[in-house]
Amino acid sequence: MNYIINGFIEAFRLIFSFDSEVFSAVFISLKISLISIFLSAVISLPLGFIIATKSFLGKKIAITLINTLMATPTVVVGLMVYTLISRSGPFGMLNLLYTQKAMIIGQVILVIPILVGLAISAIHSVDERVAETAITLGANRRQLIFTIFLEARFGLLAALVSGFGRIIGEVGSAMMLGGNIKYATRTMSTAIALQTSMGEFAIGIALGIILLLVAFLINILFHYFQQK
Amino acid sequence: MTQPIIEIKNIHKKYDDRLVLDIPHLSFESGLIYALVGPNGSGKTTLLKLINLLESPTDGEILFHGQKADINSTNALELKRKMTLVMQNAVLFRTSVYKNIAYGLKLRPFNKASIHSAVTSALDMVGLVGFEQRKARKLSAGEAQRTALARAIVLKPEILILDEPTANVDRRNGQTIENLLKKINAEHGTTIIFTTHDLSQAYRMTKNVISLLDGKVISGGSENIIYGIFRQENGQKFINIASNINIKVNDFNQDSVGIYISPNNIRVSFNPDYNDNQNCLKGHVTSATMLDGNVRLIIDTGIEFVSLISKEAFQEIASDAFAKDIHIVFDISDVHVF
């Protein structure tokens, strides 16, 4: 039991002394996840809008496929990207393996189906009459799309929060593509995995606490916007 | 004669293969109020959507100030911005009352100060001052309908189109909306086109009543609308419409004074057989005209009634139609009291 209590005491010491190893992992995690979620959103939100609002051949199949991909295991994405960017892979010459860029590629691939899937349902949930109302009030095409996004904002925000939650805590692809290099590609989740396997609980617990805190803060922000 | 603000020429509208609207000609003069009446499914809302360029007719054309309007034309947006449609059960955007009303102005765009003053005056017109920061989706039905109305009138459109503007509001709110529409029409010369189920409302608002039935305009919107006095004898309710003419009715409310019977529901016969659930009146035919394959009869019973019967039905009575007295028969349940 003692090692748990000591682990917690040490964890709080690490947090409050702004330990460089702990905060480097925090910083790298946040940086990579934020860049990934931003890039994914740029791709996914318009894609979700198009799928939700246009009719085309194979639409149902596309939606089913997206829903299936939402549950892709992170190690599968890691493996896939690894084979592409490893030295002998087709993109080996770009020297991406074990870099933050590789981790971002993995996370973007991982989170796009989630964002697209949730964006589709967020846009579907907007009352159909909203578009008609916007047109009767004089909206042009661009203003109409903006209005629909604005009406779907809570659903879209929820999609971003879910996506962020999925990637900030994932280990599989981050470990395979980043290589868990201290001060370079070591994130909160990969650090926790490594330190725990080494029997170093304090750093793991400290990072676990911070990870939970991040999740908590994001949810508070989300609820704040929802009530506005 | 001045050029109509809207002119409809040979419009047909089909959904799949179902013809929902068939109007050879209809025009609306600028600055007047028009009421479109007719039962559900008569094509009222479709007509409004065509006028508002939300949908295209299957064929035919709509002219604005004599100029052809087309959803896909380059000036469609400019035309759409000259009018606005307030839908039945209008949906409000998921934001404050103020931002809802300011929405159309921001699209155009106006500057902040003029938006503020326009929104404030629109809120005042609909009696919602103080509601600026309220969440639009939390309003009562009446307040929501008035917000939707404010959101439209703030744009000062040339044509204000409303689909059942008082259908989902209580009597007091309904009255407020009626007065407001009359005021907008009088003060700004706005052309107003609205649909209603309520014939008495239609006639309260305007003498320009257009009746639609099965997608067609029935000539003379006021046919078979008769006013009288309510009576009750031996448990049977009547509307007394002339000294010796009582029309049996099922339902009424305190203020009911009018009835309407669709011309399609009035049958004619020399030897009527009818039961307690029907009205039967004696009269004579004063006119018979062909109307889209049917025959439109005017029967004078002391009060004139219009009956629309099939060509076959007319053939049975044709030889003596103008010579002998004839009876009109209609079900009590077909008498709409308002």
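User: How much of chain B is buried?
Analyst: Of its 338 residues, 52% are buried. Buried means under 20% relative accessible area, exposed over 50%, partly exposed in between (1.4 Å probe, protein chains only). This is a predicted model: local features need pLDDT of at least 70, side-chain atom pairs count only at pLDDT 80 or more, and totals for chains, interfaces and linings use all residues. Residues are numbered from 1 along each chain as its sequence is written, chains are lettered from A and ligands numbered from 1 in the order in which they are written, and side-chain values use heavy atoms, with hydrogens and water left out.

User: And chain A?
Analyst: There, 45% of the 228 residues count as buried.

User: What secondary structure does chain B have?
Analyst: Eight helices and 21 strands. Helices (H or I, at least four residues) and strands (E, at least two) are DSSP runs, numbered from the N terminus.

User: How many helices and strands in chain A?
Analyst: 11 helices and zero strands. Its C-alpha trace spans about 65 × 45 × 25 Å along the principal axes. For chain B, the C-alpha box is roughly 75 × 45 × 40 Å.

User: What about surface make-up?
Analyst: Chain A exposes about 11900 Å², with 73% from carbon and sulfur atoms. Chain B has about 16100 Å² of accessible surface, and carbon and sulfur atoms hold 47% of that. These areas come from the Shrake-Rupley method with a 1.4 Å probe; for residues, only the protein chains shown count as cover.

User: Where are the domain bounds in chain B?
Analyst: Domain 1 is 6-218 and domain 2 is 225-337. The bounds come from an automatic or database domain assignment. Five residues from domain 1 and seven residues from domain 2 make the contact, meaning heavy atoms within 4.5 Å.

User: How much area is buried between domain 1 and domain 2 of chain B?
Analyst: About 560 Å², with 64% from carbon and sulfur atoms. Buried area is the accessible area (1.4 Å probe) that two parts lose on being put together, summed over both. The C-alpha centres of the two domains are 35 Å apart.

User: Back to chain A. Which residues of helix 10 are buried?
Analyst: In helix 10 (residues 188-197), A:Met188, A:Ser189, A:Thr190, A:Ala191 and A:Gln195 are buried. Their cover includes helix 2 (20-53), helix 8 (153-168), helix 9 (172-178) and helix 11 (201-227). Just after helix 10, A:Gly199 has a positive phi of about 80°.

User: Is B:Glu164 buried or exposed?
Analyst: B:Glu164 is buried, at 7% relative accessible area. A:Tyr98 is partly exposed, at 38%.

User: Where is the cis peptide bond?
Analyst: Between B:Arg108 and B:Pro109, with omega about -15°. B:Pro109 is in the loop between helix 3 (97-107) and helix 4 (112-125) of chain B.
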